[in-house]
Amino acid sequence: MPLKITVRSAQPVKESGDVIVVAVNTLSGGSKKKKERSPLDGFDRALGGALVKRFRKDDFKGKKDQSVGISTLGKVKADRLIVCGLGDADALRGPDVRVFGAKAARAANTEKAKRLVVGIPASAEPFMRELVEGLELGAYRFTKYVTGDRRPKAELASVTICVADKPDATVKARVDAGQAMAAGVNLARDLSNEPPNVLYPEALGEAARAVAKEHGLKCVVLDFKKIQEKGMKLLQAVGQGSDRKPCLIHMSWTPPKPKKKLIFVGKGITFDSGGLSIKPAAGMGDMKHDMSGAANVVGLMAAIGALKPDVEVHGIVAAAENMPDGGAYRPGDVWGSLDGRSVEIINTDAEGRLVLADALAYARELGPDLLVDNATLTGACMVGLGTTCSGWYANNEETAEMFAAAAKATGENMWRLPLLEELKDQLKSDCADIKHTGDRYGGSITAALFLREFIGSVGAWVHCDIAGPSTSDRARGWDGKGATGHGVLTFYELVEGASRA
C-alpha cells in the first residue's frame with residue numbers, strides 16, 4: 001500500500017508522530033538571519049540542550065551522510081529524533097534528497113513506527129518528488145509470504161512532511177508524481193521477488209495485463225503457438241525445455257499527439273537453471289531475479305500509465321523459463337530467428353541475449369525513435385563493475401549523451417562501456433551466421449555486440465547490463481537482494497526528456 005503523505009507548513013517540533021527525522025544543510029555555527037527558519041528550530045530548547053550536546057559529542061556538522069539519533073524522553077510528540085546531514089545547500093541535488101527520504105523511511109521501519117514526521121530545509125523543497133520517491137522506496141519490504149511472529153509488528157503508514165511555505169498545487173503534483181514513480185519501482189521489486197513457482201512466463205503476462213487494465217494501457221501477450229507462428233525461434237528455443245512455455249508481452253501507451261516513440265525491452269527469464277549448461281547449485285536460488293529487466297519494463301509502464309506523458313511508449317518483454325528437460329535446446333544447435341539469420345548455440349546459460357534478440361527484432365519493426373533494452377545479462381559486467389553499478393552501451397555518441405544525462409539526473413549508478421569492434425570476430429561461426437557467445441574475456445561487450453546485430457536500422461539504441469542479484473544501490477533506497485527497479489527512474493527520465501524536446 002502507498003504511504004499516506006501530507007505536506008504542510010509547520011515546524012517538526014510541534015508535530016506528532018512515532019519518529020521525527022529532520023534534514024539539515026551544513027551547519028555554519030554562526031547566527032541566523034531573523035527570517036531564516038530551520039526545521040531544527042525548537043528542538044534543543046524542548047530537549048533541555050541535549051541536542052546541541054549530542055552534536056558536539058558526535059562532531060555533527062550537517063555534512064552529507066552524517067546522522068545523529070536521540071531519544072526525546074517524551075519532551076516532544078515523538079519517541080525519537082533523528083537528524084541527517086545533506087551537506088552544502090548550493091550542492092544539493094535531487095538524488096541526495098531521495099537518499100535522505102529512503103533513510104528516513106528505513107529508520108521509521110527500524111523503530112517500528114507507523115507515523116513519521118519529516119522536516120526539510122528550504123534547499124530541499126524543490127525536490128519534493130525525489131523526497132517522496134525516497135520515502136516510498138525506503139519503506140518497501142517484501143513480506144507477502146511471511147506469517148505469524150515473522151511478520152513485521154508495525155509498518156509505516158503515514159508521513160507528514162513539514163515545509164516552510166504553504167504547499168500549493170505544484171507541491172501536490174510533485175508528491176503524486178513521486179508516488180507514481182516509486183509505485184512503478186516497487187512493482188518491479190515485487191515481481192522480481194516473487195518465487196519462480198508463482199511467477200512464471202504466463203503469470204508475468206497476467207501481471208502485465210493487470211497493470212494495463214488498471215492504467216488504461218494496451219497489452220497483447222503472444223503465447224507459445226503465436227511465437228512459433230511468427231518465427232521467434234530463439235525465444236522458442238530457450239523456453240521449450242520447460243513445462244511453462246514462453247510468451248512475448250507487448251504493453252503500449254499512445255497519447256493523442258505523441259512527440260516521440262520510445263521502446264523499452266526487458267529480459268524475462270523467470271527462472272534460469274542454466275539449461276543443459278546447468279549452473280552450480282550455489283546461488284541458483286537467486287535466479288528467480290533473472291527476469292528483473294522484464295520487471296523494470298512492467299514497472300515503468302505502470303508509471304507511464306499513471307503519469308500519462310505525451311510520448312508514445314512501448315514495453316516489450318520476452319518471457320521464458322530456462323530448464324533442462326529432454327526437449328531443451330543444446331550446445332551445438334543452430335536456430336533461426338525472427339531477424340532471419342541463423343545462430344549457433346554455444347552455451348545454454350547465455351540464454352538472455354537469445355530471447356532479447358527476437359524481442360529487439362520485433363521492437364524495431366515499430367519504428368522507435370529510441371530503443372532501450374535492459375537485462376541481468378552477464379556475470380562479466382558484475383566482475384568489472386561490482387554489484388551496485390550497471391553497465392550500458394550505446395550505438396552512437398548522441399544517444400550516449402542523452403542516456404548519460406538521464407542517469408546522472410536520477411542518480412542511478414550506471415557506467416558506459418565500449419562497443420569494441422575488434423571483439424566482434426569472437427562471434428564468427430563456422431556453421432551459422434553468428435555465434436551467440438564469444439571468448440571468456442570481454443563477455444559483456446560481446447553480448448552487447450551480439451544484440452546490436454538484431455536492432456536493424458534503429459538509429460538510437462542503448463543496452464543496459466543491469467547489476468546482478470546482490471545489487472544494493474542506495475539511490476534506490478533499499479538494501480535487499482534483487483536487481484529490482486534499477487533503471488526505472490532513468491528510463492522514465494528518458495521519456496520526460498523526449499516530452500520536453
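This is a predicted model: local features need pLDDT of at least 70, side-chain atom pairs count only at pLDDT 80 or more; totals for chains, interfaces and linings use all residues.
**Charges**

I started with the charges: the chain carries 68 positive and 62 negative side chains, and the centres of the two sets lie 8 Å apart. For this tally Lys and Arg are positive, Asp and Glu negative, while His and the chain ends are not counted. I placed each charge at NZ of Lys, CZ of Arg, CG of Asp or CD of Glu.

**Ground rules**

Residues are numbered from 1 along each chain as its sequence is written, and side-chain values use heavy atoms, with hydrogens and water left out.

**Overall build**

I looked up the secondary structure next and got 14 helices and 17 strands in the chain. These are DSSP runs numbered from the N terminus, helices being H or I with at least four residues and strands E with at least two. The radius of gyration is 24 Å, close to the 23 Å that the globule rule gives for 501 residues, so the chain is as compact as a globular protein of that length. I took that radius over C-alpha atoms, and the rule is 2.2 Å times the number of residues to the power 0.38. Along the principal axes, the C-alpha atoms fill a box of roughly 80 × 50 × 45 Å.

How much of the chain is buried? I get 59% of the 501 residues. Buried here means under 20% relative accessible area, exposed over 50%, and partly exposed in between, with a 1.4 Å probe and protein chains only. The chain exposes about 21,200 Å², and carbon and sulfur atoms supply 50% of that. Those areas come from the Shrake-Rupley method with a 1.4 Å probe; for residues, only the protein chains shown count as cover.

For contacts (heavy atoms within 4.5 Å), I took pairs at least 6 apart in sequence, and 78% of them join residues at least 24 apart.

**Aromatic pairs**

I searched the whole structure and found five aromatic pairs. The criterion: rings of Phe, Tyr and Trp (its six-membered ring) pair if their centres lie within 6.5 Å; planes under 30 degrees apart are stacked, over 60 edge-to-face, and the rest tilted. Phe264 and Phe491 have ring centres 5.4 Å apart and planes at 35°, so I logged the pair as tilted. It links distant parts of the chain, with Phe264 in strand S9 (residues 261-272) and Phe491 in helix H14 (residues 488-500), 227 residues apart. Phe264 and Phe491 are both buried.

**Positive phi**

Which phi does Asp65 have? It is positive, about 80°, although Asp65 is not a glycine. I find Asp65 in the loop between helix H2 (50-58) and strand S3 (67-71), partly exposed at 41% relative accessibility.

Lys112 is also a non-glycine with positive phi, near 55°. Its loop runs between helix H3 (94-110) and strand S5 (115-119), and at 53% relative accessibility Lys112 counts as exposed.

**Single residues**

Leu449 sits in helix H13 (residues 443-452) and is buried at 1% relative accessibility. What does Leu449 contact, leaving aside neighbours within four places in sequence? I get Leu419, Leu420, Leu423, Lys424 and Leu427. From Leu449 to Arg80, 369 residues apart along the chain, the C-alpha separation is 53 Å.

His215 lies in helix H6 (residues 201-215). At 17% relative accessibility, I have His215 down as buried. Not counting residues up to four places away in sequence, His215 touches Ala302, Gly305, Ala306 and Lys308.

Is Glu401 buried or exposed? Glu401 is exposed, with a relative accessible area of 58%, and its place is in helix H12 (residues 397-410). I also checked Glu401 against Val198: the two are 203 residues apart along the chain, with their C-alpha atoms separated by 40 Å.

With a relative accessible area of 0%, Trp461 is buried. Trp461 and Lys230 are 231 residues apart in sequence and 24 Å apart in space, C-alpha to C-alpha.
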